[in-house]
Amino acid sequence: MELIDRYLQSVKWMLPRKQQDDVIRELNDEILSRVEEKEDALGRPLSEDEQVALLKQMGHPMLVASRYRSQRYLINPTIFAIYWMVLRLILAVVFVAMAISAVAVAATGQGLGQALGIILRYPLAALSVFAWVTTIFVILDIVQVKFDFFAKWDPRTLPKLTKTKPRHSMIESVVGLMLSTIFGVWWLVGLKHQFWIFGPGYPVLHFGPVWQTIYPLFVVMVVFSVIRTSVDVARPGWERGRAWFRLVYRVLNLIVLYFLYNATELFVPGSANTPGITEVLKGLNTAMHVAVAAVAIVTVIQAGQDVYHLIRDRFDGSERAIACFFF
Amino acid sequence: MLRMADNSIAEILENLRSELRRGSLIVAVLAELRQEQYGYTLRKSLEEHGIAMDEGTLYPLLRRLESQGLLASEWREQNKRNKRFYRLSPQGEVILTELLLDWENLSQSLTAILQRSQAGHAPETSAPSTEAAPQD
């Protein structure tokens, strides 16, 4: 019966201290009763394999012991939804703060490694946020149970009705936030240290002066883009805010395109003396101007659609008809 | 894909069954313990009546019901072994009576709902069999 004693010992270790002896005595009796029943039926003592089968049927010691404990949560399901919302919001805010720092470092012309290093410290910061928010909510839960906040509520204080629209996937938003930050930092560093963009072609090809003229505009766009994608993560259902952000971003795009279209040289020859490069750049600049014009036309159309949707969502019924008439 | 769907349905069914049984098990245990019994005999007796319950469920439940004052227990020696005997406490008797009343009401309501829903389906289900009957 050594196996049974070992089994009971394992269960005992995982039981609440006060219940240990009592529960083990009872379980011991249950197991021995079952052994006796089987031995009576077989007319012989149980083999080791049969004892193993019997104990396996009783369940893993950890599982058996767990049933004697009351169910525990780190965060009570009642307040979990608020906890999850706050945690996401703070994680997004911290990410935005770090991304803006990275953009600022990149904008001052420091190395890409230094700028990305700030972003790479995010997991550690996120862990710290998780620990703090969780601790605060555990304390809130204890306070909530003690003072029974949920008993003191008034239906009139509930939020007003909102139009429900399909939400965007959280993974999509998080990936969007990370990509926009990494791309933004790379772009800002690349404009100052062009080999990050042109790679082996850097000695042959450089950006024209216009790109440096509108550099502050790119900084604004990168910061705006990070904020915009962070809002997607923190408030996935905020469709109206999303539409406004999209419209402002398109307007910023149009300003950049205006400067690019009016610049004569978007690309200039690099330091290397490459034969025929002048002709190639002439063709490239013409093609780029055509492309810039095409993108600008598409952006204007999209901005028009955004304005239309914003107006349509703003007004209902007759109000909408009047608004459409005027706009 | 089909197997996955089968597994998922089996899992849902199992969860619903266990939810359906949970409340009834308590009533069954309380009712059985109108007569004093120890864990093993109680489990056997429930099993004989078609209510199988593993030890991992029964013993923690007995402990919980005792801590709520619905059961009383004492250790006594029987067949040269110490056993913990449980019986329904006076408070448990009151609770059991109430629960049985609720059970009866619930059962009557459910029966009425089932009868009504079966009556609603009756013409649809009986129609094809009438048509398919051989005409001599």
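Tutor: Two strands are said to pair if DSSP finds at least two bridges between them. Helices (H or I, at least four residues) and strands (E, at least two) are themselves DSSP runs, numbered from the N terminus. The model is predicted: local features need pLDDT of at least 70, side-chain atom pairs count only at pLDDT 80 or more, and totals for chains, interfaces and linings use all residues. Residues are numbered from 1 along each chain as its sequence is written, while chains are lettered from A and ligands numbered from 1 in the order in which they are written.

Student: What makes S1(B) and S3(B) paired strands?

Tutor: DSSP must find at least two bridges, and 2 bridges join S1(B) to strand S3 (residues 81–88) of chain B. The two strands therefore count as paired, and they run antiparallel. Within this pair, Tyr38(B) stands opposite Phe85(B) of S3(B).

Student: How many bridges link S2(B) and S3(B), and in which sense do they pair?

Tutor: There are 8 bridges, in the antiparallel sense. Leu71(B) has Leu88(B) in S3(B) as its bridge partner. The hairpin of S2(B) and S3(B) has 2 residues between the strands, and Asn79(B) takes a positive phi near 50 degrees there.

Student: Why is one side of S1(B) and of S2(B) left without a neighbour in the sheet?

Tutor: The 3 strands form an open sheet in the order S1-S3-S2. Strand S1 (37–38) and strand S2 (71–78) of chain B stand at the edges, each with a single partner strand, so one side of each has no neighbour in the sheet.

Student: Which residues of helix H2 in chain B are called buried, and how do you know that they lie on the same side?

Tutor: A residue is buried if 20 or more other C-beta atoms lie within 10 Å of its own, exposed if 12 or fewer, and partly exposed in between, with C-beta atoms placed from the backbone. In helix H2 (residues 39–48) of chain B, Gly39(B), Tyr40(B), Leu42(B) and Arg43(B) are buried. They cover an arc of only 165 degrees around the axis, which puts them on the same side of H2(B); the arc is that of the directions from the helix axis to the C-beta atoms. Just after H2(B), Gly50(B) has a positive phi of about 85 degrees.

Student: What makes a set of residues a nonpolar core, and which members of the largest one touch the most others?

Tutor: A nonpolar core is a set of buried Ala, Val, Leu, Ile, Met, Phe, Trp, Tyr and Cys residues joined through C-beta atoms within 7 Å. The largest has 25 residues, of which Val11(A), Leu27(A), Leu30(B), Leu33(B), Leu71(B) and Tyr86(B) touch the most other members. Apart from this core lies another, of 21 residues, including Leu91(A) and Phe95(A).

Student: What does Val11(A) contact?

Tutor: Two residues are in contact if their C-beta atoms, placed from the backbone, lie within 7 Å. Leaving aside neighbours within four places in sequence, Val11(A) is in contact with Ile24(A), Leu27(A), Pro61(A), Val64(A) and Ala65(A).

Student: How many residues does each chain bring to the contact between them?

Tutor: Chain A brings 13 residues and chain B 11 residues. On the side of chain A that touches chain B, H2(A) gives the largest share, 7 residues.
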